[in-house]
Amino acid sequence: MAERVQYEELLRQFSAFGAVKREIGRIMPSDCPSGSAAVLTLLGRFGDMRMSKLADLLAVDMSVTSRHVAHLAERGWIDRSPDPADKRSRIVHLTPAGLARLEALSERTTQLLAERLADWSDEEVAQLTGLMARLRASFDDSRVAALPPRLPPPAPALEPTTRTPAST
């Protein structure tokens, strides 16, 4: 187990990580603030969902979620429709324009990360990604775990074999 001083340094790094998030926020277009981008990202990742599930995934109050959804709907990036199972609920889904906006946002953030991490090796980027995923899992984020990923995971790489094929 790590020493107390290591956890204290980790907390300092978490605080400093706010600068990274702020820089990512600065590259967002003015008509798509970070909360709206988060909604688009979740819909792109998990597909159509109820507003209540969206609020859970965002970890914000339903009123905040409603504001984000209204903002995106006004721009034509998402649609809201009645839930067939419960007419009081709304299902939110990306429109083609919303998918295009999500792709543009992803391109912006990917480019920023590529620029800032240009001197990192592929292994270092992979290690950071893995450790961040592990950290998130350590906090048992059951909100996201309840939803299956929209895209199937990549097929595992095949292990090379030293066996020779059987003769026929």
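Two strands are taken to pair if DSSP finds at least two bridges between them. Helices (H or I, at least four residues) and strands (E, at least two) are DSSP runs, numbered from the N terminus. The structure is a predicted model, in which local features need pLDDT of at least 70 and side-chain atom pairs count only at pLDDT 80 or more, while totals for chains, interfaces and linings use all residues. Residues are numbered from 1 along each chain as its sequence is written, and side-chain values use heavy atoms, with hydrogens and water left out.

In general, strands of a sheet pair through backbone hydrogen bonds, in either a parallel or an antiparallel manner. Here, 3 strands form an open sheet in the order β1-β3-β2, with antiparallel pairing. Strands β1 and β2 are the edge strands, each pairing on one side only. Strand β2 (residues 78–83) is joined to β3 by 6 bridges, and the two run antiparallel. Within this pairing, P82 stands opposite R90 of β3, S81 has I91 as its bridge partner, and R80 stands opposite V92. A hairpin of 2 residues connects β2 to β3.

Helix packing was examined next. Axes are lines fitted to C-alpha atoms, for helices over the stretch in contact, and angles run from 0 to 180 degrees between N-to-C directions. Angles under 35 degrees count as roughly parallel, over 145 as roughly antiparallel, 65 to 115 as roughly perpendicular and the rest as oblique. Contact means heavy atoms within 4.5 Å. As to residue classes, Ala, Val, Leu, Ile, Met, Phe, Trp, Tyr, Cys and Pro count as nonpolar, Asp, Glu, Lys and Arg as charged, and the others, Gly among them, as polar.

Helices α3 and α5 (residues 62–74) pack at an angle of about 80 degrees, their axes being 9 Å apart. This makes α3 roughly perpendicular to α5. Residues G35, S36, V39 and L40 of α3 form the contact with H68, H71 and L72 of α5. By class, this contact of α3 with α5 comprises 3 nonpolar, 4 polar and no charged residues.

The axes of α3 (residues 34–46) and α6 (residues 96–116) come within 10 Å and cross at roughly 110 degrees. These two helices, α3 and α6, are therefore roughly perpendicular to each other. In this contact, A37, L40, T41 and G44 of α3 meet G98, R101, L102 and L105 of α6. The residues involved in the contact of α3 with α6 divide into 4 nonpolar, 3 polar and 1 charged.

Helix α5 also packs with α4, at an angle of about 105 degrees and with the axes 9 Å apart. Helices α4 and α5 are therefore roughly perpendicular to each other. The contact involves M51, S52, L54, A55 and L58 of α4 and M62, T65, S66 and V69 of α5. Its residues divide into 6 nonpolar, 3 polar and no charged.

On a 1 Å grid over the protein atoms alone, a pocket is an open set of points, where a 1.4 Å probe fits, with protein on both sides within 12 Å along at least five of seven lines; lining residues have an atom within 4 Å of a point. Grid points are joined across faces, edges and corners, and a volume is the space filled by probe spheres set on the points. The largest pocket holds about 2600 Å³ of space. Of its 45 lining residues, F17, K21, I24, M132 and R136 are the closest to its centre. The elements giving two or more residues to this lining are α1 (4–16), α2 (18–26), α3, α4 (51–58), α6 and α7 (122–138). Helix α7 supplies the largest share, 11 residues. By class, the lining has 27 nonpolar, 10 polar and 8 charged residues.
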